[in-house]
Amino acid sequence: MKTIFLIFTILFSSVTIAQTNTYSISFENAVHHEAIVTVTFPEVTSKIFSVRMSRTSPGRYALHEFAKNIYNVKATDSKGNELKIERPNPYQWDISGHDGIVNISYTLFANRADGTYSQIDETHAHLNIPATFIYAPEFSERKIEVDFKIREDLNWKIATQLPLISDTTYSAPNLQYFMDSPTEISDFSMREFEVAEANGKNKIIKFVLHHNGTEVELDTYFEKVKKIVLEEKKVFGELPDFDYNEYTFLACYIPNASRDGMEHRNSTVLTSSKSLADGGMEGNIGTVSHEFFHSWNVERIRPQSLEPFNFEEANMSGELWFAEGFTSYYTNLILCRAGIISKEKYVEGLTGTFNYVWNSPARQFFNPIEMSYQAPFVDAATSVDPVNRENTFISYYSYGSILGLALDLQLRENKLNLDDFMKLVWNTFGKKEITYTVKNLHKSLNEYAGKEFGDNFFNNYIYKSEMPDYKKLLSSVGVVIKQDLNTPYFGANASINDDLNGEINSNITIGSPAYIAGLDKGDIITAINNKPFPNGEQFDNYINRYRIGETLTVDFLRYGVKKQTTVKLISSPKYIIELDEKNGQKTTRNILKNRTSWLKK
């Protein structure tokens with residue numbers, strides 16, 4: 001009996017190894033941002049075996065064309081014989097003449113540390129998997145093993161959500177998991193703590209930090225991270241069941257990093273050029289809050305439109321106003337509830353996003369669902385031709401955030417709250433890992449708050465682009481929203497150019513005085529009311545010298561041709577959001593109770 005079991009075990013292990021794609025990556029030429037990648041695909045049966053570089057990255061929705069950064073691609077069979085490679089498109093290599101085993105090697109150039117790309121230098125190997133490794137679509141369900149050949153001379157260590165097999169080799173159950181597992185290899189520091197759960201399944205939260213700062217700075221920052229984790233747990237009532245019972249923050253705060261954050265199933269990438277000593281202690285913490293909230297909302301409370309994630313085409317979703325936007329609403333709210341920022345800072349911080357959303361003419365063109373559809377054009381996407389985004393697009397992050405505020409305050413007027421609605425969505429979809437649609441969210445809100453309430457919110461603010469009554473809603477928690485009708489509004493901003501004239505540097509807002517006057521981006525203002533452009537003074541401050549209703553004569557150059565127009569100033573449409581107390585208004589005990597319930601401080 002034991003002999004039979006032993007034979008079965010050996011046979012099973014052999015099959016498992018044979019059906020495992022094995023990768024290795026080494027960094028001998030890190031100083032020049034290069035890595036050498038090798039991969040072996042066993043048991044290949046296709047006559048023409050196709051491998052690709054991804055065009056997308058989990059958490060991003062646009063195309064990124066990672067194939068542009070690999071070269072010196074070679075393929076051999078099990079005996080080392082070179083195989084024929086053909087290129088049917090820019091992202092694919094078709095390999096023929098193999099003997100059932102295909103070995104591939106290539107050089108990777110990588111020099112951007114953020115949530116999408118990879119960076120290799122002598123400070124670290126910051127690896128986003130789609131930007132690093134070639135893959136075979138037909139083997140998407142195969143197990144993967146990868147050996148990160150670290151630079152011991154640089155004291156590198158490995159941090160990743162991938163489970164460790166041995167030494168520097170890690171595994172993934174399939175391609176989707178592999179692609180979703182960023183890896184930081186550097187001389188980092190790490191802190192961790194255990195979070196108790198009611199069901200006894202305690203979770204380990206790890207915070208990995210690659211930085212040039214001190215251990216004391218990390219200790220101070222980690223205390224904030226712990227507060228965020230525990231405060232966000234309160235929203236949903238529990239942490240997700242992280243695979244392998246761990247969640248890892250991969251933070252990289254170094255001068256050669258780009259500011260970004262990117263969520264993944266059991267980890268998140270946090271990058272910034274700001275050190276903790278140079279503003280990062282306050283400036284980077286918001287990304288921690290945002291990305292950890294994603295471990296519920298988007299990683300497990302997941303739009304149907306993003307499953308499975310497509311590595312060959314752009315990923316379009318109409319739910320990003322909820323997945324990204326509601327997460328953005330909670331980002332600073334959690335910081336306030338955790339005591340990391342004051343209630344005054346939180347409330348006044350709503351002003352910029354509020355003005356961006358509700359003063360945008362884009363609402364006449366698209367509702368929040370349609371704004372979400374545009375992610376492939378704006379989510380770190382690039383183009384060389386000018387676009388009219390200032391007038392046609394509102395970020396689904398911002399739009400959803402401000403709608404999340406409205407929904408929370410509307411629910412609170414009915415003795416409900418957004419936290420409990422998020423719990424309902426979590427228990428219905430996220431906890432069971434059932435994908436959702438906009439219609440599912442609509443139905444869930446009807447279930448939670450009543451059909452009339454849910455229909456009103458979705459019919460007016462999601463399927464349409466109407467504006468909730470924020471004055472009434474904010475007053476219920478002792479917050480004032482007002483417009484300064486005494487401030488004049490021109491409708492364009494001009495910055496000093498090399499000739500000390502004023503160049504209009506963005507598209508003119510539709511319907512603004514400058515738009516009506518026929519001014520356009522690129523026009524160079526040379527004089528206002530027959531006086532030279534006021535160089536040395538901010539343009540808005542200069543305009544504030546004039547009165548509402550006053551007409552300005554504007555001389556300008558367009559393509560070198562002298563032109564003149566008139567601009568009639570109107571009242572500024574900008575809003576100001578502040579606590580009642582700052583406006584000298586008395587706040588009742590009941591309103592303060594409502595505010596405390598909302599901000600939890």
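**Exercise 1. List the buried residues of helix 14 and check the helix's length.**

Solution. The buried residues of helix 14 are V438, L441, H442, S444, L445, N446 and Y448. Buried means under 20% relative accessible area, exposed over 50%, and partly exposed in between (1.4 Å probe, protein chains only). Helices (H or I, at least four residues) and strands (E, at least two) are DSSP runs, numbered from the N terminus.

This is a predicted model: local features need pLDDT of at least 70, side-chain atom pairs count only at pLDDT 80 or more, and totals for chains, interfaces and linings use all residues. Residues are numbered from 1 along each chain as its sequence is written, and side-chain values use heavy atoms, leaving out hydrogens and water.

Next, the packing. The buried residues of helix 14 pack against helix 6 (320-323), helix 9 (368-373), helix 12, helix 13 (418-430) and helix 15 (451-462).

Now the length. The expected span is 1.5 Å times one less than the number of residues. Helix 14 (residues 438-449) has twelve residues, so it should span 16 Å; its end C-alpha atoms are 16 Å apart, which agrees. Just after helix 14, G450 takes a positive phi of about 105°.

**Exercise 2. Describe the aromatic pair F133 and F178.**

Solution. Rings of Phe, Tyr and Trp (its six-membered ring) pair if their centres lie within 6.5 Å; planes under 30 degrees apart count as stacked, over 60 as edge-to-face and the rest as tilted. The structure holds 51 aromatic pairs. One of them joins F133 and F178: 5.4 Å centre to centre, 35° between the planes, hence tilted. F133 is in the loop between strand 9 (124-127) and strand 10 (143-149), and F178 is in helix 2 (residues 175-179), 45 residues apart. F133 has a relative accessible area of 1%, so it is buried. F178 is buried too, at 1%.

**Exercise 3. Which parts of the chain does the pair F207 and F249 tie together?**

Solution. Start with the geometry. F207 and F249 form a tilted pair, 5.6 Å centre to centre with 45° between the planes. F207 lies in strand 16 (residues 203-211) and F249 in strand 17 (residues 246-253), so the pair ties together parts that are 42 residues apart in sequence. F207 is buried at 0% relative accessibility. F249 is buried as well, at 0%.

Then the surroundings. Contact means heavy atoms within 4.5 Å. Beyond its neighbours within four places in sequence, F249 is in contact with residues including I205, F207, V225, L270 and F292.

**Exercise 4. Identify the largest nonpolar core.**

Solution. A nonpolar core is a set of buried Ala, Val, Leu, Ile, Met, Phe, Trp, Tyr and Cys residues joined through side-chain atoms within 4.5 Å. The largest has 94 residues; those with the most contacts inside it are I205, F207, F249, F322, Y346, Y470 and W598. Helix 12 (residues 396-413) gives the most to this core, nine residues. A second, separate core of 51 residues includes A35, A67, L83 and I120.
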